[in-house]
Amino acid sequence: MATALLRFSSLLAAKPFAGGARRIVSRSPTSFARRLCSLKNGDSKRDVEELSFDPEEWMPSLQEDAKPNLNPVLPITVLSGFLGSGKTTLLRYLLRNVKDKRIAVLVNDLAGIDVDGKLIQTFLKDPKEDMITMPNGCICCTAGGDLEEKVDELAEKQIFDYLVVEGSGVALPLHIAANLFDSAPEDGGLVRLDTMVTVVDTHRFLSDVLNSESLEAKGMAEGQHDDRTVSDILVEQVEFANVLILNKLDLVDEEEKQKVKAALLEMNPTAKVLEATQCVIAPETVINTELFDPVAAMESPGWIQKINEAREKAENGEEEEKEVKARHTGITSFVYKARKPFHPERLMESGLASIWKGVLRSKGFFWLATRHDRMGVWQSAGTSWICDPGTPWLATLPQEELPEDTDKSEWHALWGDRATEIVWIGDGMDRQEIIKMLDKCLLTDEELKESPTAWSQYPDNLPPWPEEDWMVGLN
């Protein structure tokens, strides 16, 4: 299984690479990272327990030994999607077509006049009772605490069958889920996160990801340090979803639809993909589905699955066939692997300064010579590249602290489990050119003979990795 890190992040600093083609951002974990973190060697269940995150804590009503709860649990469907994708259209459609059930609505519209809320009111039985609007601040970050309070307020009325939360266009479903985890009551709780839905503008998706326009340029940035791009938002909304709605199909032909669908499934291979125009779908496909599983969400990000698949193929002596299978759409993926560390200066000058033609998404973990003992988490969306600190490599831990089932059969005699494995997803990207570019960034054989102490003296202008208190505890 892949050594990996999955955790919530918040943007703290943005450091553009002057003169380069790639925007470089440094991010740092939020406190919720303490609870969704460090999926190493497939031992996710133990890691979750050690970090005191128990799905039963916030979904007790689904457990056989939960305390009796006389009132039904309120299922929550979260609607995500970038501005103009069709979220509000979907919500209005659900309100019109879910019969004999009462739906509560929580709308997060960053516009000061709360446009979405006004559009929805006419479809509610009692707008004052059934709807809460949160127009000031995004519920995945600045207004996250308020979200907990408002959800509890609706659930405690005990008059609703379902709750639908519509995030803003820049809201990240991963962070909304984190806030909803924290809001759940302890004993027999009144809410459960049921379905994460992302609406995709099929007509614009690929071009928006590749263009990577900044949120600041669109007037949508959340504060002065928000240096994210549209592509960052689009990709993260797709990756953390149970259901993806391919909307606005009337604006694309069959070839474009298949291309976008293939890209979505490369980013999120376990999601259910629905096809729609004007978000006309069967309501039961997004409400009360019981699709959301917190443990599965942590264990199975798409990029970890792809790395595991590539490892299994290698172990079985099979060649990767993904590019051949997807060639008719132009959407391809592959896993780049290396057992040498990157030289930070060459990574900046020869890697990140290059134009990655056709690359939609890359994500994985990497080994950096100047930060020898800690895994780096690599991710890009369009032209945006983010370098996060991961957990220490297992080889740095004392033998008594290693997981019992640690498999050292693939470890290097000197470097242990240190390695680079990055999933690349693109539309017409050149696999060999990307491999050639990355190989140039690795240490040479002569440099590899030097000691890690010597490597630590190499120039390193990549964003620093802050030593969060919980990370220090992992050393």
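Author: Two strands pair if DSSP finds at least two bridges between them. Strands (E, at least two residues) and helices (H or I, at least four) are DSSP runs, numbered from the N terminus. This is a predicted model, where local features need pLDDT of at least 70, side-chain atom pairs count only at pLDDT 80 or more, and totals for chains, interfaces and linings use all residues. Residues are numbered from 1 along each chain as its sequence is written, and side-chain values use heavy atoms, with hydrogens and water left out.

Reader: OK, which residue stands opposite Ile 76 in strand 7?

Author: Strand 3 and strand 7 (residues 191-201) run parallel, joined by 7 bridges. Leu 74 has Val 191 as its bridge partner there. For Ile 76, the residue opposite is Leu 193.

Reader: Is strand 3 enclosed or open?

Author: Buried means under 20% relative accessible area (1.4 Å probe, protein chains only). Leu 74, Ile 76, Val 78 and Ser 80 point one way, Pro 75, Thr 77 and Leu 79 the other, and all are buried. With 7 of the 7 residues of strand 3 (residues 74-80) buried, the strand is therefore largely enclosed.

Reader: Which strands stand at the edges of the sheet?

Author: The open sheet has 7 strands in the order 5-4-6-3-7-8-9, with parallel pairing. Each edge strand has a single partner, so one side is left without a neighbour in the sheet. Those edges are strand 5 (131-133) and strand 9 (272-275).

Reader: And which residues of helix 14 are buried?

Author: Helix 14 covers residues 344-352. Its buried residues are Pro 344, Leu 347, Met 348, Gly 351 and Leu 352.

How values were computed:
Buried < 20%, exposed > 50% of the residue type's maximum accessible area, 1.4 Å probe, protein only.
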